[in-house]
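Thanks for coming. I have one structure to go through today, so please have the sequence and the model open.

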Amino acid sequence: MAPDPVPTPVPASAQLHQPRYFTWEEVAQHSEKEPWLVIDRKVYNISDFTRRHPGGHRVLYHYAGQDATDPFMAFHINKDLVRKYMDSLLIGELAPEQPSPEPTKNKALTDEFRELRATVERMGLLKANRLFFLLSLLHILLLDVAAWLILWIFGTSLVPFFLCAVLLSTVQAQAGWLQHDFGHLSVFSTSTWNHLLHHFVIGHLKGAPASWWNHMHFQHHAKPNCFGKDPDIKMHPLFFALGKVLSVELGKQKKKYMPYNHQHKYFFLIGPPALVPLYFQWYIFYFVFMRKKWMDLAWMLSFYVRFLVTYLPLVGLKGFLGLFVLVRFLESLWFVWVTQMNHIPMHIDHDQNVDWVSTQVQATCNVEQSAFNDWFCGHLNFQIEHHLFPTMPRHNYYKVAPLVQSLCTKHGIEYKSKTLLSAFADIIYSLKESGQLWLEAYLHQ
């Protein structure tokens, strides 16, 4: 009888290169301490990288223990460069029998969306028309000059003073939309130029730090309307009860920080008029000092010095302070109504780890296209398309919208589009509804 063959020993070098396999259950256990995430079925330990991540550490934690393939594709414009930095974080891959993506996500929808993204790239819809953004910047600068000329030519009486404030608030709103473009890396093909112009527009033209915007906004895009992950809904529960699910939950817990059943009324007092002048205005300085963002502080100070030198000689100290507060007040009205109409009336909940398309579309809605709406909203009336393709130049949103709508229809996902005024009204209606849901749960459940 022949002896059993002796197994050929595996060289140590080959053993070192054998992949280490994981299950989704193992990945999900690493959502807090020693966070892991999955991209293209590869498993990464991001524990030592979170603080060095250019988009901030929290946005990574929001996908810890989950598949982050689609947000990775959505947020980065030079993926090959980013992957070089990821090699040192790689610890293994998903076992062959593991589904892709997780079982909680719609695989058919995810696969078709990735095909749509490939189509979008082939169509050139992720490439910017630089002239569009140049003209956008020029019209902001011209409005800024026109505001000063009104006071210089017509004096500082009430009418020219107020007209100057209106023009300056328009400058602030439109610069807000433009800095948003640079912040999303949607203008230039390299991050360097996008970051430089982002600092100029948000820092010098608006007086705010780019690092603060990055820290807040990318979290919002990663998990929109997810409580505890989206900073844009942090006013729940301290000031407002938001969404049907969270409002009922709050009522059952017998928590009452405000009379939420009246929140649709006091929103007009502490919402649009107060956010920028009473909160953002001081918090941005707190942010840069606490995080020692001295470059951001320098850009911010250049705005305040320019504003002071430009208007103090014309209107005096009291007039200067009054003008500044009035501009921030008007800017706040514009900013809050436009940014909240797309999200507050939509689904708000804890993170359910659903697929990228469902995550974005259930939390966003569109406003009908028109020349005015596009300008007034900075094309963020196409909020659904913007959330699905955050690096897409805004002038291309209308081109991809029919493809997105077709995808949603095929998979039974509601694609909401409203008139501008109905979108504004829905903010109030949704606050009234969630406030009433809170009250009923608070009293009877």
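I will take the sheet, then some backbone details, then the cysteines, and end with a pair of helices.

A word on the source. This is a predicted model, in which local features need pLDDT of at least 70 and side-chain atom pairs count only at pLDDT 80 or more, while totals for chains, interfaces and linings use all residues. Residues are numbered from 1 along each chain as its sequence is written, and side-chain values use heavy atoms, with hydrogens and water left out.

The sheet comes first. Helices and strands here are DSSP runs numbered from the N terminus, with at least four residues of H or I for a helix and at least two of E for a strand. Two strands count as paired if DSSP finds at least two bridges between them. On that basis 4 strands make an open sheet with mixed pairing, in the order β1-β4-β3-β2. The edges are taken by β1 (21-22) and β2 (36-39); each has a single partner strand, so one side of each has no neighbour in the sheet. β1 runs parallel to β4 (residues 90-94), and 2 bridges link the two. Within that pair, Tyr 21 sits opposite Glu 93 of β4.

Next, the backbone. Which residues does the cis peptide bond with omega of about 0° join? They are Ser 100 and Pro 101. Pro 101 belongs to the loop between β4 and α6 (107-122). Pro 101 is also one of the contacts of Thr 110, along with Asp 70 and Asp 355, leaving aside neighbours within four places in sequence; contact means heavy atoms within 4.5 Å. Thr 110 itself lies in α6. For accessibility, buried means under 20% relative accessible area, exposed over 50%, and partly exposed in between, using a 1.4 Å probe and protein chains only. Thr 110 is at 3%, so it counts as buried.

There is also a cis bond from His 236 to Pro 237, with omega near 5°. Pro 237 is in the loop between α10 (210-222) and α11 (244-252).

Now the positive phi values. Glu 34 is not a glycine, yet its phi is positive, at about 50°. Glu 34 is placed in the loop between α2 (24-28) and β2. Asp 40, also a residue other than glycine, has a positive phi near 55°, and is found in the loop between β2 and β3 (42-45). Glu 34 is partly exposed at 42% relative accessibility, and Asp 40 is partly exposed with a relative accessible area of 42%.

On to the cysteines. How many disulfides are there, taking a disulfide as a pair of cysteine sulfur atoms within 2.5 Å? The count is 0. For Cys 365, the closest cysteine sulfur is in Cys 377, at 11 Å, which is too far for a bond. Cys 365 is buried at 0% relative accessibility, and Cys 164 is buried at 0% as well.

Last, the helix pair. Helix α8 (residues 158-183) packs against helix α9 (residues 191-205) at an angle of about 160°, and their axes are 8 Å apart. Axes are lines fitted to C-alpha atoms, for helices over the stretch in contact, and angles run from 0 to 180 degrees between N-to-C directions. Angles over 145 degrees count as roughly antiparallel, under 35 as roughly parallel, 65 to 115 as roughly perpendicular and the rest as oblique, and α8 and α9 are therefore roughly antiparallel. Residues of α8 in this contact include Leu 178 and Phe 182, and those of α9 include Leu 197 and Val 201.

How values were computed: Disulfide = S-S within 2.5 Å.
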